[in-house]
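Dear colleague,

Please find below the structure that I am handing over to you.

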Amino acid sequence: MNGLRVPPRKDSYRPPWFSDSFDYGFPLPAPVAVRGCGVCAGMAATLAGIVGDASGAADVRVLMRRHLRAAHE
Ligand SMILES: [Zn+2]
């Protein structure tokens with residue numbers, strides 16, 4: 001051998017640190033409405049009414065998480 005290695009095929013190569021079980025933590029779990037809170041109920045209803053608009057639903061989830069942090073933590 002001359003010490004050179006055949007480069008791995010691009011479609012099969014995985015870097016040593018690559019793991020199929022790695023979890024980025026996304027997408028985040030859906031926020032859960034707090035029972036008895038009108039704001040939560042309103043946002044949950046808005047979220048439930050959104051169909052076919054993933055971006056709009058994500059916006060409502062962001063607002064809902066913000067409300068949960070501000071009002072319920
Ligand atoms: Zn609330």
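This is a predicted model: local features need pLDDT of at least 70, side-chain atom pairs count only at pLDDT 80 or more; totals for chains, interfaces and linings use all residues.

The protein chain contains two helices and zero strands. Of its 73 residues, 4% are buried.

The helix pair

Helix α1 spans residues 38-49 and helix α2 spans residues 54-72. Their axes come within 10 Å and cross at roughly 165 degrees. Because an angle over 145 degrees counts as roughly antiparallel, α1 is roughly antiparallel to α2. The crossing of α1 past α2 is left-handed.

Which residues form the contact between α1 and α2? From α1 come V39, M43, T46 and L47, and these meet A57, V60, R61, L63, M64, H67 and A71 of α2. By class, the residues of this contact divide into eight nonpolar, two polar and one charged.

The segment before α1

Two residues of this segment deserve a note. A33 lies in the segment before α1. Is A33 buried, partly exposed or exposed? It has 19 C-beta neighbours inside 10 Å, and A33 therefore counts as partly exposed, since a residue is buried if 20 or more other C-beta atoms lie within that distance. Leaving aside residues up to four places away in sequence, A33 touches C40, A41, M43 and A44.

With 10 other C-beta atoms within 10 Å, V32 is exposed. From C-alpha to C-alpha, V32 and M64 are 8.6 Å apart in space, and they are 32 residues apart in sequence.

The end of the notes: H72

H72 has its place in helix α2. How many C-beta neighbours does H72 have inside 10 Å? The count is 11, and H72 therefore counts as exposed, as a residue does with 12 or fewer. The C-alpha atoms of H72 and C37 are separated by 9.5 Å, and the two residues are 35 apart along the chain.

Yours sincerely

Methods:
Residues are numbered from 1 along each chain as its sequence is written. Axes are lines fitted to C-alpha atoms, for helices over the stretch in contact, and angles run from 0 to 180 degrees between N-to-C directions. Helices (H or I, at least four residues) and strands (E, at least two) are DSSP runs, numbered from the N terminus. Angles under 35 degrees count as roughly parallel, over 145 as roughly antiparallel, 65 to 115 as roughly perpendicular and the rest as oblique. A crossing is left-handed if the near helix is turned anticlockwise from the far one by less than a right angle, and right-handed if clockwise. Two residues are in contact if their C-beta atoms, placed from the backbone, lie within 7 Å. Ala, Val, Leu, Ile, Met, Phe, Trp, Tyr, Cys and Pro count as nonpolar, Asp, Glu, Lys and Arg as charged, and the others, Gly among them, as polar.
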